[in-house]
Amino acid sequence: MIDLDTMPPQPESPADWFDEIETRPAVLDAALEYAASGLSVVPCMLPAKRPPFGWLMYQAEIADEITIKKWYKDDPTLGVGVVCGEVSGNVEVIDLDGGA
């Protein structure tokens, strides 16, 4: 049996890299930055990760800044989704959830 009193102290767990970030960007700021970078974004309901409206038009065009601001003004609880494929420069995503 191991005597826990005689074991050397364990080093602290390394800090999560998020702890090194002074401030995290607001969701709206992130959505605007992604769109300015050429990614087609849509708002997503969480935790379902699906847009609260039909989004097929954003497979062909990137929403403008006014539209994106309206989405998040109307519902600031929304997350950000990126439309993959040609509209976003052929970006592809692998999304792993849960115990993946």
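Ground rules first. The model is predicted, so local features need pLDDT of at least 70, side-chain atom pairs count only at pLDDT 80 or more, and totals for chains, interfaces and linings use all residues. Residues are numbered from 1 along each chain as its sequence is written, and side-chain values use heavy atoms, with hydrogens and water left out.

Let's start with strand 1, residues 40-44. Helices here are DSSP runs of H or I with at least four residues, strands are runs of E with at least two, and both are numbered from the N terminus. How many residues of strand 1 are buried? The count is 5 of the 5, so strand 1 is largely enclosed by the rest of the structure. Buried means under 20% relative accessible area, exposed means over 50%, and partly exposed is in between, with a 1.4 Å probe and protein chains only. Look at the side directions. S40, V42 and C44 point one way; V41 and P43 point the other way.

The partner is strand 2, residues 79-83. The two strands pair in the antiparallel sense over 5 bridges. Pairing requires at least two bridges found by DSSP. Across the pair, S40 stands opposite V83.

S40 has 0% relative accessibility, so S40 counts as buried. Setting aside residues up to four places away in sequence, S40 touches Y58, E61, I62, G81, V82, V83, V87 and S88. Contact means heavy atoms within 4.5 Å.

V41 is also in strand 1. V41 is buried, at 1% relative accessibility. The C-alpha atoms of V41 and V83 are 5.9 Å apart, while 42 residues separate the two along the chain.

On to the helices. Two packed helices are described by the angle between their axes and the distance between the axes. Helix 1 covers residues 27-36, helix 2 covers residues 65-74, and their axes come within 10 Å and cross at roughly 155°. That makes the two helices roughly antiparallel. For the bookkeeping, axes are lines fitted to C-alpha atoms, for helices over the stretch in contact, and angles run from 0 to 180 degrees between N-to-C directions. Over 145 degrees counts as roughly antiparallel, under 35 as roughly parallel, 65 to 115 as roughly perpendicular, and the rest as oblique.

Which residues meet between these helices? V27, L28, A31, L32 and A35 of helix 1 meet E65, I68, K69 and Y72 of helix 2. The contact divides into 7 nonpolar, no polar and 2 charged residues. Nonpolar is Ala, Val, Leu, Ile, Met, Phe, Trp, Tyr, Cys and Pro; charged is Asp, Glu, Lys and Arg; the others, Gly among them, are polar.

Helix 1 has A30, A31, L32 and A35 as its buried residues. These pack against strand 1, helix 2 and strand 2. After helix 1 comes G38, with a positive phi near 100°.

The peptide bond from L46 to P47 is cis, with omega near 5°. P47 sits in the loop between strand 1 and helix 2. That loop also holds K49. Phi of K49 is positive, near 60°, in a residue other than glycine. K49 is partly exposed, at 41% relative accessible area. N90, in the segment after strand 2, has a positive phi near 65°. N90 is exposed, at 54%.
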